[in-house]
Amino acid sequence: MQDQKVSIVELGNSRITVSMEGFPVAYGNALRRLALSEVPTMAVDFVYFYDNESSVYDEIIAHRLGLLVLRSDEALRKYGSPEECSNASENDSHCFAQVYLEYEVPQDAASGVYVKASDLKFSDPDIRPIYPETPIVYLAPGQRIHLVGYARLGRGYEHGKWSPASVAVLRYSVHVEYDPSKVTSECLECISAYQDLVGAIKGGSAGRLELNYKVNTSALRYCEEESCKGAIKVVYDPSKLYLTVESTGALEPARIIWEATNCLARKADKLLKELEEAQVVEEVGPK
C-alpha cells in the first residue's frame, strides 16, 4: 500500500489547496462534497417584520438577509448543531442568534438611504456580516423599516446559503511523458504555452514532468492527439490528488477541510456501529 501523505500547497485568506498522496479518489471526492453540503455555518433562517415602508416586499428583504455571509467560526463552538436544534424555539439562545434592524429616514432628508448589512445589530458579537457594504434595501425620505431575524447553524444540503464553500474542486496530478527525438517544430509550436514542458524537451533527453496543478491541460491534450503524436503523453495520476476549496468567508478555508474530515469520520463511525449492531441482531436472532 502506498504511503499516505498530506501537505498544504496553497493557503490564502479565502482559498486552500491540499495535496493528498496515497488516498482513494472516493475519499478526496467525499471531502469535496462534504465541504459544500455538510459543514455547517450560520445564516438567517426567518424574519419577523414589524414595519416595512420601503418599496420592497418583506419576502425579498428576508431572502436578502438569508443570503448574507455571516462569520461562523465561533458559532460552531457556541451553538447547537442543526440536528440538535431542529425543533428548538427561536427564543433558545443555544440554537438561535437574533438579528435586529430598525432604521428610519427623516421626512426632511435631502435624499434616501441604502440600508446595508453594517446597519444590522446581532445579539452575539461573534456573528457579523463578512461583507458589511452589502445593500439590503433602499429607504426614501420618511420611510421606515423594523424587523427581527433569527440566524442558526445549517448545512448546504438544506439551502445554498449555509454552504461555507463557493468552490470545491478535486484534481488529479498531471504528468507529461516526453521524447525529444520525436518532437517536431509543429509540436513545439503547439505546446508553446507550456514553457516548463518546452524547456524540459529542449534539455535533450526523454523524461517525465509533473505539471503545476493549476495548469489547464485541455490544449495539451489536443497537441498530444494532433501535433505531437508519439512525442508526448499526458498522464492523469489518481495516486496524487489536489483538493481546492474556496471559502465564502463564513469559515476559514482550512477550517472547512478540517470540519469536512471530521464529518466523514463521524459518518464512517456511525456506519460501523450500525453494521456491528446488525451483526449482533443476526447472531442472537431466531434461526
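A disulfide is taken here as a pair of cysteine sulfur atoms within 2.5 Å. The model examined is a predicted one. Under this criterion, C187 and C228 are joined, with an S to S distance of 1.9 Å. The pair links distant parts of the chain. C187 belongs to helix α4 (residues 185–190), whereas C228 sits in the loop between α6 (218–226) and β11. The two cysteines are 41 residues apart. The torsion about their S-S bond is about 105°, so this disulfide is right-handed. C187 is buried, at a relative accessible area of 0%. C228 is also buried, at 1% relative accessibility.

The count by the same rule comes to three disulfides. Another of them is formed by C190 and C223, whose sulfur atoms lie 2.0 Å apart. This link is left-handed, because the torsion about the S-S bond is about -90°. It again connects distant parts of the chain: C190 is in helix α4 and C223 in helix α6, 33 residues apart. C190 has a relative accessible area of 23% and is partly exposed. The cut-off for buried is under 20%. C223, at 2% relative accessibility, counts as buried.

C85 and C95 are likewise joined by a disulfide, with 2.0 Å from S to S. The angle about the S-S bond is -80°, and the link is left-handed. Both C85 and C95 lie in the loop between α3 (75–78) and β4 (97–104), so the pair ties together parts that are ten residues apart in sequence. C85 counts as buried at 6% relative accessibility. C95 counts as buried at 3%.

With the bonded cysteines of the chain numbered in sequence order, the pairing reads 1-2, 3-6, 4-5. C263 takes part in no disulfide. The nearest cysteine sulfur to C263 belongs to C85 and is 17 Å away. The cut-off for a disulfide is 2.5 Å.

Strand pairing around β9 was considered next. Strand β9 (residues 165–178) runs antiparallel to strand β11 (residues 232–247). The two strands are joined by 13 bridges. Within this pairing, E177 of the chain stands opposite K233 in β11. Strand β9 also pairs with strand β10 (residues 207–210). This second pairing is antiparallel too, and it spans four bridges. Here Y178 stands opposite G207 in β10.

A nonpolar patch was found on the surface. L271, L272 and L275 form this patch. Together they have about 300 Å² of accessible area. L272 is placed in helix α7, which covers residues 253–284. Each patch residue has over 30% relative accessible area, because that is required of patch members.

How values were computed:
Residues are numbered from 1 along each chain as its sequence is written. This is a predicted model: local features need pLDDT of at least 70, side-chain atom pairs count only at pLDDT 80 or more; totals for chains, interfaces and linings use all residues. Side-chain values use heavy atoms; hydrogens and water are left out. Two strands pair if DSSP finds at least two bridges between them. Patches are made of residues with over 30% relative accessible area and no salt bridge: like charges are joined within 9 Å, nonpolar side chains (Val, Leu, Ile, Met, Phe, Trp, Tyr) within 5 Å. Accessible areas come from the Shrake-Rupley method with a 1.4 Å probe; for residues, only the protein chains shown count as cover. A salt bridge is a side-chain nitrogen of Lys or Arg within 4 Å of a carboxyl oxygen of Asp or Glu. Buried means under 20% relative accessible area, exposed over 50%, partly exposed in between (1.4 Å probe, protein chains only).
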